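Have the sequence and the 3D view ready. This report walks through the fold piece by piece.

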Amino acid sequence: QRDFDSAGIALSLFHRDDQDEPVRPLREQLPETWPSTSESPEDLISSAWKYASRHRPELWIYELELLTLGVDKEYYRNELLPSLDAYASASQNLGESLYKDTGELELKLGIEFRVPLQRNAAKGAADANAAKIEQMQTKASFAMEKVFAEIEKGFVSISASDEKLTL
């Protein structure tokens, strides 16, 4: 009775009527029998895990963070590569020629190949990014384990309650 009343008080902080007054549950609202399920506990845990892995916001946050870090990783990898640039330009004098060494129409074509010799900044950024990815993967793994532990804890609690009711 005391546990029921305590849980009712805690619930009334969130369960409100139309006038925003707390509503406490009544004993008459309790179900007559304990609901039973035909699924095995392993199947229930598996389906709960699948649902939680798609809907828990902290897991989404880690997934998005890892995607962002993956884009950064590709950027830093690209910064370490040599580059090849091509360009073309055209110019034409209008009116009187100011310069004697240029013609009326001038075309320029060029190719520029750059090899980054001093790549310390890019290497440092890539190493820092790799460390962040590893850290985020560890955090994400721990968050998944924590969610799974919460699910298992809930099912252990349900099983214990079911055993109490059976007794």
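The model is predicted.

**The helix α4**

Start with α4, which runs over residues 120–166. This helix has 47 residues. From its first C-alpha to its last, α4 reaches 69 Å. That is close to the 69 Å expected at 1.5 Å a residue.

Which residues of α4 are buried? Ala122, Ala126, Asn129, Ile133 and Met136 are among them. Further along, Ala140, Ala143, Val147, Ile151 and Phe155 are buried too. The buried residues of α4 pack against α2 and α3.

Asn129 is worth a stop. Its place is in helix α4. Buried or exposed? Asn129 has 4% relative accessibility, so it counts as buried, being under the 20% cut-off. Leave out residues up to four places away in sequence, and Asn129 touches Leu69, Asp72, Lys73 and Tyr76.

Gln137 is also in helix α4. Its relative accessibility is 45%, so Gln137 counts as partly exposed. Pair Gln137 with Leu11, and the two are 126 residues apart in sequence. In space, Gln137 and Leu11 are 36 Å apart, C-alpha to C-alpha.

**The nonpolar core**

Now look for the largest nonpolar core. How many residues does it have? The core has 7 residues: Ile45, Ala52, Leu59, Ala143, Val147, Ile151 and Phe155. Helices α2 (41–55) and α4 each supply at least two residues of this core. The most comes from α4, which gives 4 residues.

Leu59 is one of the core residues. What does Leu59 contact, leaving aside its neighbours within four places in sequence? The partners are Ala52, Ser53, Ala140, Ala143, Met144 and Val147.

**How α2 meets α3**

Two packed helices are described by the angle between their axes and the distance between the axes. For α2 and helix α3 (residues 57–79), the angle is about 55 degrees. Their axes are 6 Å apart. The helices α2 and α3 are therefore oblique to each other.

Which residues make the contact? From α2 come Ala52, Ser53, Arg54 and His55. From α3 come Pro57, Leu59 and Trp60. By class, this contact of α2 with α3 has 4 nonpolar, 2 polar and 1 charged residues.

Lys50 is in helix α2. With a relative accessible area of 49%, Lys50 is partly exposed. Lys50 and Phe148 are 98 residues apart in sequence. Their C-alpha atoms are 10.0 Å apart in space.

**Two residues of strand β1**

Strand β1 covers residues 83–92. Ser83 has its place in this strand. At 26% relative accessibility, Ser83 counts as partly exposed. Leaving aside neighbours within four places in sequence, Ser83 is in contact with Glu112, Phe113 and Arg114. Ser83 and Arg114 are 31 residues apart along the chain, and their C-alpha atoms are separated by 5.2 Å.

Ala90 lies in strand β1 too. Why does Ala90 count as exposed? Its relative accessibility is 59%, and the cut-off for exposed is over 50%. With neighbours within four places in sequence left aside, Ala90 is in contact with Glu106 and Leu107. Ala126 is 36 residues from Ala90 along the chain, and the C-alpha atoms of the two are separated by 39 Å.

Ser12 sits in helix α1. With a relative accessible area of 7%, Ser12 is buried. Beyond its neighbours within four places in sequence, Ser12 is in contact with Pro22, Val23 and Arg24.

Asp20 is found in the loop between α1 (2–12) and α2. Most residues other than glycine have a negative phi. Phi of Asp20 is near 65 degrees, a positive value in a residue other than glycine.

**Distances side by side**

The table gathers the C-alpha pairs.

| Pair | Apart along the chain | C-alpha to C-alpha |
|---|---|---|
| Ser83 and Arg114 | 31 residues | 5.2 Å |
| Lys50 and Phe148 | 98 residues | 10.0 Å |
| Gln137 and Leu11 | 126 residues | 36 Å |
| Ala90 and Ala126 | 36 residues | 39 Å |

Terms used. Residues numbered from 1 in each chain as written. Predicted model: local features only at pLDDT ≥ 70, side-chain atom pairs only at ≥ 80, totals over all residues. Heavy atoms only, no water. Core = buried A, V, L, I, M, F, W, Y, C linked by side-chain atoms within 4.5 Å. Buried < 20%, exposed > 50% of the residue type's maximum accessible area, 1.4 Å probe, protein only. Contact = heavy atoms within 4.5 Å. Axes fitted to C-alpha atoms, helices over the stretch in contact; angles between N-to-C directions. Parallel < 35°, antiparallel > 145°, perpendicular 65-115°, else oblique. Nonpolar A, V, L, I, M, F, W, Y, C, P; charged D, E, K, R; others polar. Expected span 1.5 Å × (residues − 1).
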